[in-house]
Amino acid sequence: MAVSFASRLLIDLEWAILVYFLLVNGWYAILLMSAALDLRGHLFRIRHESNWRLLGSRVAPRISMLAPAYNEAATISESVRALLTLYYPNLEVIVVNDGSPDATLQTLIDRFELVAIHPIYRQQVPTKRVRGLYRSRRYPGLLVVDKENGGKADALNAGLNLASGELVCAIDADTLIEPDALQRMVRPFLLSDDILAAGGTIRLVNGSSVAGGRVVKTRVPRQLFAGVQTVEYLRAFLFGRLGWNRLGGNLIISGAFGLFQREPVIAAGGYTHDTVGEDMELVLRLRRRGYEQGGPKRVDFIPDPVAWTEAPETARVLGRQRDRWHRGLSDTLWRHRRVLFNPRYGAMGLIVYPYFCFVELLAPFIEVLGLIGLAIGVATGTLDLTFAGLFFLTAYGLGLILDVMTLMLEEFSFHRYEGLDDRALLLLWAALEQFGYRQLTVFWRMRGLIRFLRGRRDWGAMQRKGFGSPSTG
Amino acid sequence: MSISERLLPQFLIIEIVALVVILIIIFGHALWLRWRTRHDDPRLASARAALAAILNEPDPTRCTALRRDIERLSTSQQVELVAALASSLDGGQRVTLTTLALDLGLIARAERHCQSRFWWRRLHACRLLTLVGGGETVVPSLFNDSHPDVRAQAATWAAEHPEPAIVAALLNRLAMPADGGRFAIEDSLLRLGRATIEPLAAYLTTHSGREAGAALEVAIGLADPRLLRPALTLCRDPEPHVRALAAMLIGALGGDETVQELLDLLGDPADDVRAAAAEALGRLGYWPAAASLALRLRDRAWQVRRAAGLALRDFGAPGLLFLRRALTDEDPFAADMARQLLDLSALVGEPM
């Protein structure tokens with residue numbers, strides 16, 4: 001009797017989880033359709049588009065690029081040079097040396113002929129003490145801020161205080177921005193006054209060739225972790241974020257590449273210090289203020305401006321990153337819990353926020369429950385091995401279909417990976433992402449959730465190889 | 001057999017079929033792209049060479065053979081070819097390109113598409129007409145299009161058409177706050193230059209408040225003396241934002257009337273207006289205003305103190321004298337601003 005009850009419970013649990021999977025994947029399918037429609041419109045929009053008018057315009061909005069740097073002596077000079085050569089007519093680059101103990105500041109002083117300046121500026125957002133400000137003799141658009149260490153959010157806030165642009169573009173100092181990315185990213189701000197922020201696509205540089213701070217040949221990484229993350233990033237940006245444009249707007253703009261209206265960011269108090277998810281927290285806070293105070297509140301994702309970043313290639317570093325991301329997500333959702341199902345916040349409160357709570361936040365928990373149930377069922381003989389196998393394949397097969405549909409979107413839009421071998425490799429990584437990698441990320445995300453509940457707020461170290469030489473993965 | 005045991009294999013089969021179909025589509029598309037590149041690239045290369053030769057050929061009668069290479073392309077390829085080159089041409093070569101587009105039927109087709117019910121078709125048509133010319137009869141109606149991209153493109157097209165009716169239409173769109181797309185309109189009005197001045201002056205005379213704001217931004221870029229009279233009137237506008245912009249405009253124009261108006265605006269209740277007036281006086285280099293600006297170092301608003309201090313610094317010796325006196329001012333904010341600016345004075349010439 002007891003065995004039969006346990007067996008029934010396990011089967012019901014598996015079915016409940018499969019239904020959850022179906023619901024989640026059903027929502028993903030809606031997102032995918034929304035993304036496909038948006039992408040179609042976007043491709044129409046950019047066809048035969050010529051940006052020469054913007055390049056020669058006297059009214060192009062000024063953009064201040066904010067690049068926080070910590071211990072980046074090895075790569076900072078190349079990264080800054082790449083930023084200074086972006087094709088945009090009204091650009092200011094603000095590099096914030098966040099108290100690096102290495103030679104980051106000295107490298108900048110030497111390479112860009114920096115001289116100390118004393119501009120009169122107002123500290124509208126509180127930050128750690130600024131030790132010095134420098135302007136380049138050779139590049140008038142380059143400003144370097146040297147400050148005491150306070151973390152990424154503090155460095156961005158210091159940059160915000162100094163920025164003179166109507167728009168600020170927050171990036172990581174080691175992100176490679178494509179030369180015309182800003183022209184593309186600024187497009188929605190030129191068309192509408194209601195845009196609060198816009199995010200671009202992040203792609204992985206692992207495996208591709210880099211020269212002079214530019215990605216010159218795009219290849220799919222040959223290394224396992226980088227490869228599966230390529231598929232993961234494509235899915236996250238090309239349908240995850242693009243899909244939300246029509247369904248209530250985005251809650252996340254990647255900290256590695258996002259463009260914001262400066263005034264609302266300053267009015268909201270800039271980036272929050274005591275969180276590891278400062279990029280998502282800022283977007284959610286800005287959108288809330290937009291709803292509460294009647295300001296701009298649209299956050300759009302634009303698929304064609306591209307920034308390249310290096311993905312972790314070892315399980316240890318990747319695990320730390322995912323753990324941190326999930327802690328950031330948990331923290332942000334907890335801080336703004338009053339948004340949940342609150343009609344005051346429109347689609348954000350009724351659709352977007354609940355999705356992030358019940359799918360993004362809790363999915364690992366439910367997935368772990370399902371996997372453990374499946375394992376117990378098979379081990380105790382309660383579940384037939386064939387049934388368990390079919391169940392596993394069906395559940396993760398749905399994820400695989402979404403992955404390959406994302407690859408199809410990429411194929412019909414930007415097809416950055418040109419060779420047939422690269423396409424085949426992407427498919428292999430998509431399969432491995434679902435069967436093996438995904439279960440690992442579930443573990444890391446669960447760990448992040450548990451650590452958040454225990455009150456842990458640190459970043460953990462991220463080791464990078466750098467873009468100096470062409471990487472072969 | 002339970003329902004679960006029956007349903008699961010069916011799910012799986014559906015998934016496998018979907019997967020196979022998507023894979024066929026992806027690889028089919030990849031192969032088609034590869035074939036198209038191999039097939040079209042030589043034709044496009046010879047068409048590009050033919051077009052370059054046509055543009056450099058002074059005698060049009062000798063271009064007939066060359067044109068065949070272009071005529072062999074599909075319409076969309078012809079559009080692509082012409083569009084790729086158009087923005088980098090002007091003068092005689094631009095006229096030749098426009099004539100070619102006309103002969104190929106591209107302009108007539110684009111004019112037809114400007115009335116299409118699909119926004120993207122209207123957008124592409126307007127884009128082509130912006131690049132190669134034409135569309136005088138159809139594009140103005142797109143200023144009121146339902147799609148923002150089409151409206152913005154129509155405004156971009158207008159930059160090459162300095163007719164008073166077009167300028168007036170652009171100015172009217174500028175007055176619509178909910179319309180968005182101000183960038184393209186302002187940019188076109190600035191590019192139209194002299195053709196904009198008279199209609200803009202008339203517009204500023206008859207409009208006030210928010211409706212005048214965006215037009216003042218264009219006026220500052222043009223800075224023509226004919227705009228002075230309406231600008232002086234707008235210095236009394238109820239909207240602080242408009243008064244600040246009007247102060248900037250008269251600061252860019254100069255003159256006795258201007259200086260008196262700016263001195264009056266130093267006492268404006270709005271912070272932004274006082275700051276704009278101080279900045280404008282600094283830009284004009286009107287050193288007799290130094291005493292009035294020195295008083296503004298005590299202003300409660302930071303941006304006014306900053307603008308006043310920078311203006312004093314720009315005046316040179318008379319301004320620096322007032323700044324040094326302010327170091328011992330009983331108002332700590334005035335003294336602090338003076339101290340910061342005098343630190344700066346040693347580095348005059350450094351970029352700010």
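Over all chains of this predicted model, the salt-bridge count comes to 56.

| Pair | N to O distance |
|---|---|
| A:Arg53 and B:Glu160 | 3.4 Å |
| B:Asp187 and B:Arg191 | 2.8 Å |
| B:Glu198 and B:Arg226 | 3.1 Å |
| B:Asp329 and B:Arg298 | 3.1 Å |

**Salt bridges within chain B**

B:Asp187 and B:Arg191 form a salt bridge, with the closest N and O atoms 2.8 Å apart. Both residues sit in helix H9 of chain B, and because they are four residues apart there, about one helical turn separates them.

B:Glu198 is partly exposed, at 47% relative accessibility. B:Arg226 is partly exposed too, at 40%.

A further salt bridge joins the side chains of B:Asp329 and B:Arg298. B:Asp329 is in the loop between helix H18 (317-326) and H19 of chain B, and B:Arg298 is in the loop between helix H16 (290-296) and H17 of chain B, so the pair ties together parts 31 residues apart in sequence. B:Arg298 is partly exposed, with 41% relative accessibility.

**Charged groups in chain A**

Salt bridges link A:Glu49, A:Asp180, A:Arg184, A:Arg187 and A:Asp304 into a network.

A:Arg203 lies in strand S8 (residues 195-204) of chain A. With a relative accessible area of 4%, A:Arg203 is buried. Its side chain makes a polar contact of 2.9 Å with that of A:Glu410. Beyond four places in sequence, the contacts of A:Arg203 include A:Trp308, A:Phe414, A:Arg416 and A:Tyr417.

**The interface of chains A and B**

Chain B and chain A bury about 5200 Å² between them, with 68% of it on carbon and sulfur atoms. In chain B, B:Leu8, B:Glu15 and B:Phe183 lose the most area to chain A, together 13% of what that side buries. In contact terms, 60 residues of chain B touch 54 residues of chain A.

The rule finds two salt bridges across this interface. One pair bridging the chains is A:Arg53 with B:Glu160. The elements giving two or more residues to the chain B side include helix H1 (3-55), helix H9 (182-192) and helix H19 (332-345) of chain B. H1(B) gives the largest share of that side, 20 residues. By class, the side has 34 nonpolar, twelve polar and 14 charged residues.

**Positive phi**

Most residues other than glycine have a negative phi. A:Asn71 has a positive phi, near 50°. A:Asn71 is in the loop between strand S1 (63-69) and helix H3 (76-84) of chain A, and is partly exposed at 37% relative accessibility. B:Ala223 also has a positive phi, about 45°. B:Ala223 is in the loop between helix H11 (210-222) and helix H12 (228-234) of chain B. Its relative accessible area is 30%, partly exposed.

**Confidence**

Chain A averages a pLDDT of 90, and 96% of the residues score at least 70. Over residues 468-473 of chain A, pLDDT stays under 50. The model has eleven contacts for that stretch beyond four places in sequence. Where pLDDT is low, predicted coordinates should not be read in detail.

Methods. Residues are numbered from 1 along each chain as its sequence is written. Chains are lettered from A and ligands numbered from 1 in the order in which they are written. This is a predicted model: local features need pLDDT of at least 70, side-chain atom pairs count only at pLDDT 80 or more; totals for chains, interfaces and linings use all residues. Side-chain values use heavy atoms; hydrogens and water are left out. Buried means under 20% relative accessible area, exposed over 50%, partly exposed in between (1.4 Å probe, protein chains only). Contact means heavy atoms within 4.5 Å. Buried area is the accessible area (1.4 Å probe) that two parts lose on being put together, summed over both. A salt bridge is a side-chain nitrogen of Lys or Arg within 4 Å of a carboxyl oxygen of Asp or Glu. Ala, Val, Leu, Ile, Met, Phe, Trp, Tyr, Cys and Pro count as nonpolar, Asp, Glu, Lys and Arg as charged, and the others, Gly among them, as polar. pLDDT is the predictor's confidence in each residue, from 0 to 100. A polar contact is a pair of N or O atoms within 3.5 Å; within protein, one must be able to donate a hydrogen and the other to accept it, and residues adjacent in sequence count only if both atoms are side-chain atoms.
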